[in-house]
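Hi,

Here is the model I promised to pass on. Have a look at it first, and then read my notes below.

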Amino acid sequence: MLALSLLLCCTSSVAQAYTRSGTLGPSDCKPKCTYRCSATSHKKPCMFFCQKCCAKCLCVPPGTYGNKQLCPCYNSWKTKEGRPKCP
């Protein structure tokens, strides 16, 4: 039970540090975006926009899809048509 509690505590801290707005440095963007875009068949545009969003927001949501609510800046940046700019 103690091991499970420790794992949950550490996992939560890592996820929080990974996603909290403004916590990434510019050099962290490429590896985070590489993972974020790993499941898409449109890697080039995904990487381009992910890195652009990361450079502005210094945050990339965890996982390969969704979780954008954890990065408010990343989540709120929209195209002229009102669609999400960041993957």
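Before going on, a word on the source. This is a predicted model, in which local features need pLDDT of at least 70 and side-chain atom pairs count only at pLDDT 80 or more, while totals for chains, interfaces and linings use all residues. Residues are numbered from 1 along each chain as its sequence is written, and side-chain values use heavy atoms, with hydrogens and water left out.

The overall picture is helical: the protein has four helices and zero strands, in the order α-α-α-α along the sequence. Helices (H or I, at least four residues) and strands (E, at least two) are DSSP runs, numbered from the N terminus. Of the 87 residues, 25% are buried. Taking contacts (heavy atoms within 4.5 Å) between residues at least 6 apart in sequence, 52% join residues at least 24 apart. The accessible surface is about 5,800 Å², and carbon and sulfur atoms account for 64% of that; the areas come from the Shrake-Rupley method with a 1.4 Å probe, and for residues only the protein chains shown count as cover.

Now the cysteines. How many disulfides are there? The count is six, taking a disulfide as a pair of cysteine sulfur atoms within 2.5 Å. With the bonded cysteines numbered in sequence order, the pairing reads 1-7, 2-5, 3-4, 6-12, 8-11, 9-10.

- C29 in helix α2 is joined to C54 in helix α3, 25 residues apart, with the sulfur atoms 2.0 Å apart. The S-S torsion is about -80 degrees, so this disulfide is left-handed. C29 is buried at 4% relative accessibility, and C54 is buried at 0%.
- C53 and C86 have their sulfur atoms 2.0 Å apart, and the link is left-handed, with -95 degrees about the S-S bond. It runs from helix α3 to the segment after α4, spanning 33 residues. C53 is buried at 0% and C86 at 2%.
- C59 and C71 have sulfur atoms 1.9 Å apart, and their link is left-handed too, with -65 degrees about the S-S bond. Both cysteines lie in the loop between α3 and α4, twelve residues apart.

Last, the rings. There is one aromatic pair: F48 and F49, edge-to-face, 5.0 Å centre to centre with 85 degrees between the planes. The rule pairs rings of Phe, Tyr and Trp (its six-membered ring) if their centres lie within 6.5 Å, with planes under 30 degrees apart stacked, over 60 edge-to-face and the rest tilted. F49 is partly exposed, at 30% relative accessibility. As for W77, K56 lies over its face at 4.1 Å from the ring centre, and K85 lies over the face of W77 at 5.1 Å. Here a charge sits over a ring if NZ of Lys or CZ of Arg is within 6 Å of the ring centre and within 35 degrees of the ring normal.

Cheers

Technical notes: Buried < 20%, exposed > 50% of the residue type's maximum accessible area, 1.4 Å probe, protein only.
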